[in-house]
Amino acid sequence: MILNGLEGKSLPVYGRGQIVRDWLHVEDHARALRLILEQGRPGKSYCIGGGSELPNIEVVKRICNLLDQSVPDPAGPRCRLIRHVADRPGHDLRYAIDTTKIRAELGWAPQETFATELEATVQWYLKNESW
């Protein structure tokens with residue numbers, strides 16, 4: 001989405017964009033995995049989630065807004081590039097993660113926020129155009 005937005009290309013979103021995902025930064029995920037390896041109870045499972053459930057359309061709109069703030073497009077706001085496309089058959093409408101167990105037993109919680117890490121990701125792409 002970031003690259004397409006920078007290039008003025010279409011931003012395809014399945015259906016109405018109401019599919020919900022729980023967003024988690026990779027560093028938080030890695031920290032949780034390490035904690036489970038070091039302190040988790042053998043044979044037990046732990047769900048890892050970011051507590052940042054958002055519909056896909058909201059994520060795309062936030063990317064558009066961040067790009068517009070950093071690199072305005074003379075053609076107008078990038079939300080104009082959003083195109084709703086046919087949803088995939090059998091597409092899960094929501095992934096929900098219950099992190100009660102890992103929080104209670106291991107004291108784990110995400111350290112990053114979705115908003116700050118999305119902004120950091122957009123900035124990374126802007127600073128690494130050769131990528």
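This is a predicted model: local features need pLDDT of at least 70, side-chain atom pairs count only at pLDDT 80 or more; totals for chains, interfaces and linings use all residues.
Visitor: What percentage of the contacts between residues at least 6 apart in sequence join residues at least 24 apart?
Guide: The C-alpha atoms of the protein chain fill a box of roughly 55 × 35 × 20 Å along the principal axes. Of the 131 residues, 32% are buried. Among contacts in the protein chain between residues at least 6 apart in sequence, the share joining residues at least 24 apart is 83%.

Visitor: How far apart are the end C-alpha atoms of helix 5?
Guide: Helix 5 covers residues 114–127, which is 14 residues.

Visitor: Which elements give two or more residues to the largest nonpolar core?
Guide: This core has 10 residues in all: Ile2, Leu54, Val59, Ile63, Leu66, Leu67, Phe114, Leu118, Val122 and Leu126. The elements that contribute two or more of them are helix 3 and helix 5.

Visitor: How many residues does the second, separate core have?
Guide: Ile36, Ile48, Ile102 and Leu106 are among the members of this second core. It is separate, and its number of residues is eight.

Visitor: Which residues does Val59 touch, leaving out those up to four places away in sequence?
Guide: Val59 belongs to the largest nonpolar core, and it is also one of the residues nearest the centre of the largest pocket. With residues up to four places away in sequence set aside, Val59 touches Trp23, Leu54, Phe114 and Leu118.

Visitor: How many nonpolar residues are in the lining of the largest pocket?
Guide: The largest pocket has a volume of about 460 Å³ and is lined by 23 residues. Strand 1 (11–14), helix 3 and helix 5 each supply at least two of the lining residues. By class, six lining residues are polar, three are charged, and the number of nonpolar ones is 14.

Visitor: Is Leu81 buried or exposed?
Guide: Leu81 sits in the loop between helix 3 and strand 4. Its C-alpha atom is 5.5 Å from that of Leu11, 70 residues apart in sequence. Leu81 touches Gly5, Gly8, Lys9, Ser10 and Leu11, not counting residues up to four places away. Its relative accessible area is 6%, and the cut-off is under 20%, so Leu81 is buried.

Visitor: Is Leu93 buried or exposed?
Guide: Leu93 lies in the loop between strand 4 (82–85) and helix 4 (100–106). Leaving aside neighbours within four places in sequence, Leu93 is in contact with Gln18, Ile19, Val20 and Arg21. Its relative accessible area is 61%, and the cut-off is over 50%, so Leu93 is exposed.

Visitor: What distance separates the C-alpha atoms of Leu93 and Leu67?
Guide: Leu67 is a member of the largest nonpolar core, whereas Leu93 is exposed. Leu93 and Leu67 are 26 residues apart along the chain, and their C-alpha atoms are separated by 27 Å.

Key:
Residues are numbered from 1 along each chain as its sequence is written. Side-chain values use heavy atoms; hydrogens and water are left out. Helices (H or I, at least four residues) and strands (E, at least two) are DSSP runs, numbered from the N terminus. The expected span of a helix is 1.5 Å times one less than its number of residues. On a 1 Å grid over the protein atoms alone, a cavity is a set of points where a 1.4 Å probe fits but cannot get out, and a pocket is an open set with protein on both sides within 12 Å along at least five of seven lines; lining residues have an atom within 4 Å of a point. Grid points are joined across faces, edges and corners, and a volume is the space filled by probe spheres set on the points. Ala, Val, Leu, Ile, Met, Phe, Trp, Tyr, Cys and Pro count as nonpolar, Asp, Glu, Lys and Arg as charged, and the others, Gly among them, as polar. Buried means under 20% relative accessible area, exposed over 50%, partly exposed in between (1.4 Å probe, protein chains only). Contact means heavy atoms within 4.5 Å. A nonpolar core is a set of buried Ala, Val, Leu, Ile, Met, Phe, Trp, Tyr and Cys residues joined through side-chain atoms within 4.5 Å.
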